[in-house]
Amino acid sequence: MAEGYREKEKNQKNIALKLMYNGYAYHGWQVQKNAVTVCGVLEKALEKITGEPVKLTGCGRTDAGVHAERYIANFYTRSKIPLERLPFAINTHTPEDIAVISAYEVPEEFNAILSCIKKEYTYRIYNSRIKNPFYVNRVYFYPKKLDENLLNQAAGMFVGTHDFKAVRSVGTPVKNTVRTVYDCQVRRRGDLLELKVCANGFLYNMVRAITGTVLYAAEGKIQPEDIPGILNRGDRNAAGPTVPPGGLYLTKLWYPDERLNGGWMNDG
């Protein structure tokens, strides 16, 4: 059973929140005893508003310093606060770097992580000779000129169903390291490079390690054609490093409930 999940109690509603956050000041999403987390801040806000204990289930664990342009979380409550007023109420009790956009009543069995079909993460690289102070902790500054075509060729090698233990943090407990990557590509917009990875699930630090491996190929340390072999061997030492968290964003989610897929502030 997913962490954070609990059975609905009598007279409770299941509420899904659509939200976004800048993760720089937080030790990730998941509640921790001695650290400030996004989930912890939101649960405290909800407890003040509803007057009852709240347990949020998030759509995934973003790591410390990682951002989410789109995020879904759900919780059970007896509160009778109208759904249209709930986002404003929550936002009055949270810092400016967390914003709840909307709230929906969803079926009893809805679970933000188990009901999610697939996700997209985007890693952003500022590829310029001159650093940009406004991108600090928001993108990865890489001053050496990168060939986006070579990066894209290397990224494409991750598409498919593979054992991805070569691109995850060593020592993290997980029973199954096989995932399906539906799309992995790199595109340039001026000095900003974006590596987008869409998959049915992600291992701990998987996208950051994929990015580091793609950068290894751009630096000539490996060839793009070497990547399938690295994955087949499960060789973490042969893959690239885990790049810093500040450039990573959760950017897209897919749910059977279409209400949760659109209507974001950055849609356009």
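Are E194 and R124 buried or exposed? Both E194 and R124 are buried. Buried here means under 20% relative accessible area, exposed means over 50%, and partly exposed lies in between (1.4 Å probe, protein chains only).

This is a predicted model, in which local features need pLDDT of at least 70, side-chain atom pairs count only at pLDDT 80 or more, and totals for chains, interfaces and linings use all residues. Residues are numbered from 1 along each chain as its sequence is written, and side-chain values use heavy atoms, with hydrogens and water left out.

## Salt bridges

Side chains of opposite charge can pair when their charged atoms come close. The cut-off for a salt bridge is a side-chain nitrogen of Lys or Arg within 4 Å of a carboxyl oxygen of Asp or Glu. A search of the whole structure gives nine salt bridges. Three of them are set out here.

| Pair | N to O distance |
|---|---|
| R124 and E69 | 2.8 Å |
| E194 and R124 | 2.7 Å |
| E148 and R188 | 2.9 Å |

Start with R124 and E69, which form a salt bridge. R124 sits in strand 5 (residues 118-126) and E69 in strand 3 (residues 67-77), so this pair ties together parts that are 55 residues apart in sequence. Strands (E, at least two residues) and helices (H or I, at least four) are DSSP runs, numbered from the N terminus. Both R124 and E69 are buried.

R124 also forms a salt bridge with E194. E194 belongs to strand 9 (residues 192-199) and R124 to strand 5, so the pair ties together parts that are 70 residues apart in sequence. A network of salt bridges links E69, E120, R124, R189, E194 and K196.

Now take E148 and R188, whose side chains meet in a salt bridge. E148 is in helix 3 (residues 148-156) and R188 is in strand 8 (residues 178-189), 40 residues apart, and the pair links distant parts of the chain. E148 counts as partly exposed, at 25% relative accessibility. R188 counts as partly exposed too, at 21%.

## Charges over rings

A charge sits over a ring if NZ of Lys or CZ of Arg is within 6 Å of the ring centre and within 35 degrees of the ring normal. K118 lies over the face of Y182, at 5.3 Å from the ring centre.

## Aromatic pairs

A pair of aromatic rings is described by the distance of the centres and the angle of the planes. Rings of Phe, Tyr and Trp (its six-membered ring) pair if their centres lie within 6.5 Å; planes under 30 degrees apart count as stacked, over 60 as edge-to-face and the rest as tilted. The structure has nine aromatic pairs.

One of them joins F110 and Y255: the pair is tilted, with 5.6 Å centre to centre and 45 degrees between the planes. F110 lies in the loop between strand 4 (98-106) and strand 5, while Y255 lies in the segment after strand 10 (248-254), 145 residues apart. F110 and Y255 are both buried.

Y126 and Y135 make an edge-to-face pair, 5.0 Å centre to centre and 70 degrees between the planes. Y126 is buried, with a relative accessible area of 12%. Y135 is partly exposed, with 23%. Ring pairs also link Y21, W29 and Y71 into a cluster.

## Cysteines

A disulfide is a covalent bond between the sulfur atoms of two cysteines. The cut-off is a pair of cysteine sulfur atoms within 2.5 Å. How many disulfides does this rule give? The count is zero.

The sulfur of C39 is 11 Å from the closest cysteine sulfur, in C59, which is too far for a bond. For C59, the closest cysteine sulfur is in C116, at 6.0 Å, again too far for a bond. C39 is buried, with a relative accessible area of 2%. C59 counts as buried at 0% relative accessibility.

## Strand pairing

Two strands pair if DSSP finds at least two bridges between them. Strand 7 (residues 160-163) and strand 8 pair in the antiparallel sense over four bridges. In this pairing, H162 stands opposite R179 in strand 8.

Strand 8 and strand 9 also pair in the antiparallel sense, over eight bridges. R187 stands opposite E194 in strand 9. The hairpin of strand 8 and strand 9 has two residues between the strands, and G190 there takes a positive phi near 65 degrees.
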